[in-house]
Structure formats: structure tokens, C-alpha cells
Amino acid sequence: RSGTGVQVVLIMAAFGTWCGRAEVVDKFIDVLACATSFHQKLEPTGLSSNRTECICQRLKNHYYYATLYDIRGRIPIYSAYVLEESTTSRPSISSSNWYLEPMLSGLNSTNMEKPSSQLIQENLDLIDENQAVNDDYRNSGYTRGHLNPSLHHSSEAQLATFTYTNMAPQESDLNSATWNQYETYLRNKILPSCIETHVLTGVIPSGTDPGQGTWIKERVNVPTFFWGAFCCVRKGGAWLTEARLGRNSRPFDVKTLTVSQLEEVLTKEFGQDVTIFPNGCVSVV
């Protein structure tokens, strides 16, 4: 599996500068409760395209976070959220019952739905055209890697992370070890020291179509890297920001970067200028 830079031409050919069809929302800013998932209500630039959808992740008529979703690769490009204290245990929910997004298939529902719902059951062929489903991951050798992890939330917000539009194929050694260490660092070290922390977690696709890069069942793209960045606001107006880049193959290393360094990597991969926090987030030394 390739490192950064190898897939540049493939990504450049596919990614432009906008959210695609308006089956969910045209822009995250269209829904204020969704826009608050981003620092200063400003989404990243340079990562959306005519194959991505802006999903305001909504469960039981409440918005929880935002996801930019690649309907051809059937993976999220990123999820954005506000880091929260976790006071409840991980929900006991089978992967066969994880949520799906009807609006990606043009169905009339503004909430994520369980696979057992009547709406999903009556439209199964439509549903899996534009998003991954449980059968894609079954016996694939990959875990269902949360971009927005449940341990960064509580109660219903925690449950809302269990949707396949928030999942990307992740090697178990990255998911349960080095990337989990980063997620735990955010919860245990960053959260207590910040008034508010906005987090972005994303992936670098390995290709744009089956035959380019690594895919599950020629349907779901397997990312080469997972990436993360956060912007923490501290008391007195101080700021702290960091980034991570995790390899989704051996040796499963996770590098600590500045946000600017991560933006350089993503700009090279996506073929256009990427800005994670458009108005910046100044580091505290």
C-alpha cells in the first residue's frame, strides 16, 4: 500500500471545490446546528468535490456532528465535531444495526435510520448504491473505523457515531492501538484543559475507483492514511492546535504534525489548497 504522494494524480482528477448533490445539504453552513461542529462555523476548504455529500448527522431530530462523505468510495472524507466529556459507556449495538443515511439515496428522511426500519428495508438496493453497509465489512479483514469516535461523547451523541457514513476501513492494529492512543489523548489530556475543542478526523483515499488503490469487494475504498486535527480554546483566549497522520498499514505509525504540515500533505494528495481551519487556530508554545 502506498504512502502519501503516490495517489496525487488520482485524487486531483476526482476532487473539486464543492459539496455535490443537495440530497442532504448544499453547505454545512445551511444548518446552524451543523455548522457549530466546525471551529468558527467554518468548514475546511479543498476537500469537497462532485462526488461528496455534506451530511448533517441527525438522530431522532437532533443534530450531532458533520460529515463530508464520498459516495463513490463509500467512505467519509472527514467528520467534524465538538469534543465532549464521555459519561456513559459505549452503546451495546451490533454492527448489523448501525445506522444508514436514507437521504444519500434520495429517500424522504432527515434522520439516520437503522437497517431494520421500514424505509430502509423497502429500499435496500437504493441504499447500498451510495454508501457502505454491514455486508461490505463482514469478513473483509478490516475494522469499522470511527472518524468521530463514541468515546468523545455521551448518551445519544455517542449512539449517533454508529453510522456507516462515519466509518472507514481501518486496520485493527491502527484502530485499537496507535490511533486509539490519539483518541484517548484528546479525551484525557486535551478536553480537561480546554473550554471548547473542535476536532476534525479524516482519511486519504487510496484511489478513486476500483482498480486504483485498495478496495473492499470493489465497493469500499480502503484509505492509506487517517488524519486528525484539533483546535482548542483555553481560558484567557489562549489557543492550542495539533495534528496527526496515521498510516493504515504497517508499521501503523501515527505522526504528530503541526496543522500547517498536515495541510501540506493534504494539499499534495487532493491536488488543491487545503485549509483545515480557514481563520486559523494559533498554537500556544
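Residues are numbered from 1 along each chain as its sequence is written. In this predicted model, local features need pLDDT of at least 70 and side-chain atom pairs count only at pLDDT 80 or more, while totals for chains, interfaces and linings use all residues; side-chain values use heavy atoms, without hydrogens and water.

Me: How many disulfides does the count come to?
Reply: A disulfide is a covalent bond between the sulfur atoms of two cysteines. Here the term is applied to a pair of cysteine sulfur atoms within 2.5 Å. By this rule the count is 3.

Me: Is the disulfide of Cys-34 and Cys-56 left-handed or right-handed?
Reply: Cys-34 is joined to Cys-56, with an S to S distance of 2.4 Å. The torsion about their S-S bond is about -100 degrees, so the disulfide is left-handed.

Me: How many residues apart in sequence are the parts tied together by Cys-34 and Cys-56?
Reply: Helices (H or I, at least four residues) and strands (E, at least two) are DSSP runs, numbered from the N terminus. Cys-34 lies in helix 2 (residues 32-35) and Cys-56 in strand 1 (residues 52-59), so the separation is 22 residues.

Me: Is Cys-232 buried or exposed?
Reply: Cys-232 forms a disulfide with Cys-194, the sulfur atoms being 2.0 Å apart. Buried means under 20% relative accessible area, exposed over 50%, and partly exposed in between (1.4 Å probe, protein chains only). Cys-232 has a relative accessible area of 0%, so Cys-232 is buried.

Me: Is the disulfide of Cys-231 and Cys-281 left-handed or right-handed?
Reply: The sulfur atoms of Cys-231 and Cys-281 are 2.1 Å apart. The torsion about their S-S bond is about 90 degrees, so the disulfide is right-handed.
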